[in-house]
Amino acid sequence: MPTVRDVREQAGEEPITMLTAYDAPTARIVDEAGVDIILVGDSVGNTALGHETTLPVTVDGMAHHVGAVSRATEDALVVADMPFLSFGVDETESLENAGRMLKEEDAQAVKLESGPHTVDITEKMVQLGIPVMAHLGLTPQHVNQYGGYPRQGTDRDAAERMLELAIEHEEAGAFSLVLEHVPANLAAEITEAIDIPTIGIGAGPDCDGQVLVIDDAVGLSEWSPSFSAQFGDVREEMASAVDDYVDAVESGSFPAEEHSHEESDLEDIY
Ligand code: KIV
Ligand code: NA
């Protein structure tokens, strides 16, 4: 079982691979492929739950998915994403919500969308034994502030603020940092400036690792961001299986004899 320490030690040695998963069968596939970290992302709101944004995702909802992923994962590090307003409002509640993912759902770390408001809570969680993955750049829980999902850190001031926040979260004890939708040269600069591993999504090739949303990676999403890449066509594969099933039932070829059980001795029943 890799630990947050193994992840830290892998930085700069070998690229860190991270993918999301939200359910047991997917987690099993991702884990068996040797992916280092499975993130149970609040992107579950967009993917499995069909919401427009991640904002409606709840702590109970996350716990449900984190438990499913943990039960199916043997080797990867399982990280639970903390949903909108589950952290940063009230300290006690933040700690209880995050602690629950480790204590009840067997995650090994949590991820917080980071900002100036998460430095103290990151430090407190780490002190209590809850490893924290930080997340800077595009933080989708701010969609209403951004008015969409624009690239971040594109001017000098914003870039410097992001670098400062990266350093502050490293100092607060975060074990790694996701950088989302930021210029490649800024991601490279942040990666150089801090010792903890950076894991990029739409952040160029120079991060210590990469992450994608599983639905985007395997071709299950109807829409995916331009910085994503598709490595399969699961949607097509599933659609074709479902079509074949419908045809088989409609034509009477399923169920066939081999799918049916022997006749019951009806006298035993009635
Ligand atoms: O929720 C998510 O899937 C994420 C990753 C894209 C980093 O936060
Ligand atoms: Na997320």
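Helices here are DSSP runs of H or I with at least four residues, and strands are E runs of at least two. On that count, this predicted model has 11 helices and 8 strands. Its C-alpha atoms fill a box of roughly 80 × 40 × 35 Å along the principal axes, and buried residues make up 42% of the 270 in the protein.

- β2 runs parallel to β1 (residues 16-20), with 3 bridges joining them, and Met 18 sits opposite Ile 37 of β2.
- To get from β1 to β2 the chain goes through helix α2 (residues 24-32), and this β-α-β crossover is right-handed.
- β2 also runs parallel to β3 (residues 77-81), this time with 4 bridges; here Ile 38 has Val 78 of β3 opposite.
- The chain takes helix α3 (residues 59-72) on its way from β2 to β3, in a β-α-β crossover that is right-handed.

- β5 (residues 132-137) is mostly covered, with 6 of its 6 residues buried.
- Look at either face of β5 and you find buried residues: Val 132, Ala 134 and Leu 136 on one side, Met 133, His 135 and Gly 137 on the other.
- β5 pairs with β4 (residues 109-111) in the parallel sense over 2 bridges, and Lys 111 has Met 133 of β5 as its bridge partner.
- Together with helix α5 (residues 119-128), β4 and β5 make up a right-handed β-α-β unit.
- β5 also pairs with β6 (residues 176-180), again in the parallel sense, over 5 bridges.
- In that pairing, His 135 stands opposite Val 178 of β6.

**Around ligand 1**
- The residues surrounding ligand 1 are Thr 20, Leu 39, Gly 41, Asp 42, Ser 43, Asp 81, Val 178, Glu 180, Ile 201, Val 211 and Val 213.
- Sorted by class, this shell has 5 nonpolar, 3 polar and 3 charged residues.

**Helix α10**
- α10 (residues 234-251) has 18 residues, so at 1.5 Å a residue it should span 26 Å; its end C-alpha atoms are 26 Å apart, which agrees.
- The expected span is 1.5 Å times one less than the number of residues.
- α10 is hardly covered, and the count of buried residues among its 18 is 0.
- Just after α10 comes Gly 252, which takes a positive phi of about 85 degrees.

**A look at Ile 190**
- You'll find Ile 190 in helix α8 (residues 184-193).
- A residue needs 20 or more other C-beta atoms within 10 Å to be buried; Ile 190 counts as buried because it has 27 C-beta neighbours inside 10 Å.
- Pro 15 is 175 residues from Ile 190 along the chain, and their C-alpha atoms are separated by 16 Å.

Notes:
Residues are numbered from 1 along each chain as its sequence is written. Chains are lettered from A and ligands numbered from 1 in the order in which they are written. This is a predicted model: local features need pLDDT of at least 70, side-chain atom pairs count only at pLDDT 80 or more; totals for chains, interfaces and linings use all residues. Two strands pair if DSSP finds at least two bridges between them. A crossover is right-handed if, with the strands pointing away from the viewer, the path from the first strand over the helix to the second runs clockwise. A residue is near a molecule or strand if its C-beta atom, placed from the backbone, lies within 6 Å of it. Ala, Val, Leu, Ile, Met, Phe, Trp, Tyr, Cys and Pro count as nonpolar, Asp, Glu, Lys and Arg as charged, and the others, Gly among them, as polar. A residue is buried if 20 or more other C-beta atoms lie within 10 Å of its own, exposed if 12 or fewer, and partly exposed in between; C-beta atoms are placed from the backbone.
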